[in-house]
Amino acid sequence: IIIDVPSYWKYIERGRQAGSKMPPIDTIENWIEVKRIVPKEINGKVPTIRQLAFLISRKIGRDGIPAKPYLQNAIQTTSKAVITDTMKEYMTKQIKKLLKI
C-alpha cells in the first residue's frame, strides 16, 4: 500500500505549536501557487505571492495550526477485514490481467 501525500502532511495530521519556527516561505509560496490562491487587497495594496507567503508563514509560526488527524481517523474507522477483502479483490484482478484470463 502506498500513500501519496504532500511533504507537509505531518503538520496537517499533528498540527503545529504556537511560537514555533516559521515554516519555509518557499514551501508556502509553492502551496499558494498550487492552490491558485489570489492575494486580496490589504489597505489599498495587493501583496505579491512572496509577501503573502511571508504573512502566512509568520502567522503559522506565531499562532500554530490545529491538528486535523485525517489519516489517523481513516485508519481507525476502516476495519482490517475491509482492507483485506479490498486488497484480495485488487490483487486477483491484477493477476488475471497479467495472465490474461
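Asp63 and Lys59 form a salt bridge in which the closest N and O atoms are 2.5 Å apart. The term salt bridge refers to a side-chain nitrogen of Lys or Arg within 4 Å of a carboxyl oxygen of Asp or Glu.

## Basis of the model

The model is predicted; local features need pLDDT of at least 70 and side-chain atom pairs count only at pLDDT 80 or more, whereas totals for chains, interfaces and linings use all residues. Residues are numbered from 1 along each chain as its sequence is written, and side-chain values use heavy atoms, with hydrogens and water left out.

The structure holds four salt bridges. Side chains of opposite charge can pair when their charged atoms come close. Asp26 pairs with Arg50 in a salt bridge whose closest N and O atoms are 2.5 Å apart. This pair links distant parts of the chain, since Asp26 belongs to helix H2 and Arg50 to helix H3, 24 residues apart. Asp26 is exposed at 52% relative accessibility, while Arg50 is partly exposed, with a relative accessible area of 41%.

Arg50 also forms a salt bridge with Glu29, where the closest N and O atoms are 2.8 Å apart. Because Arg50 lies in helix H3 and Glu29 in helix H2, this pair ties together parts that are 21 residues apart in sequence. Glu29 has 18% relative accessibility and so counts as buried. Through shared partners, salt bridges join Asp26, Glu29 and Arg50 into one network.

## Overall architecture

The protein has five helices and zero strands, and its elements run α-α-α-α-α from the N terminus on. The radius of gyration is 21 Å, well over the 13 Å that the globule rule gives for 101 residues, so the protein is more spread out than a compact globule. This radius is taken over C-alpha atoms, and the globule rule is 2.2 Å times the number of residues to the power 0.38. Helices (H or I, at least four residues) and strands (E, at least two) are DSSP runs, numbered from the N terminus.

Along its principal axes, the C-alpha trace spans about 65 × 30 × 20 Å. Buried residues account for 15% of the 101 residues. Of the contacts (heavy atoms within 4.5 Å) between residues at least 6 apart in sequence, 72% join residues at least 24 apart.

## The largest pocket

The largest pocket has a volume of about 430 Å³. On a 1 Å grid over the protein atoms alone, with a 1.4 Å probe, a pocket is an open set of points with protein on both sides within 12 Å along at least five of seven lines, and lining residues have an atom within 4 Å of a point. Grid points are joined across faces, edges and corners, and the volume is the space filled by probe spheres set on the points.

The lining comprises 15 residues, of which Tyr8, Tyr11, Pro23, Ile28 and Ile60 lie nearest the centre of the pocket. Helix H1 (9-14), helix H2 (25-34) and helix H3 (49-63) each supply at least two lining residues, and the largest share, three residues, comes from H2. By class, the lining has 11 nonpolar, two polar and two charged residues; Ala, Val, Leu, Ile, Met, Phe, Trp, Tyr, Cys and Pro count as nonpolar, Asp, Glu, Lys and Arg as charged, and the others, Gly among them, as polar.

Technical notes
Buried < 20%, exposed > 50% of the residue type's maximum accessible area, 1.4 Å probe, protein only.
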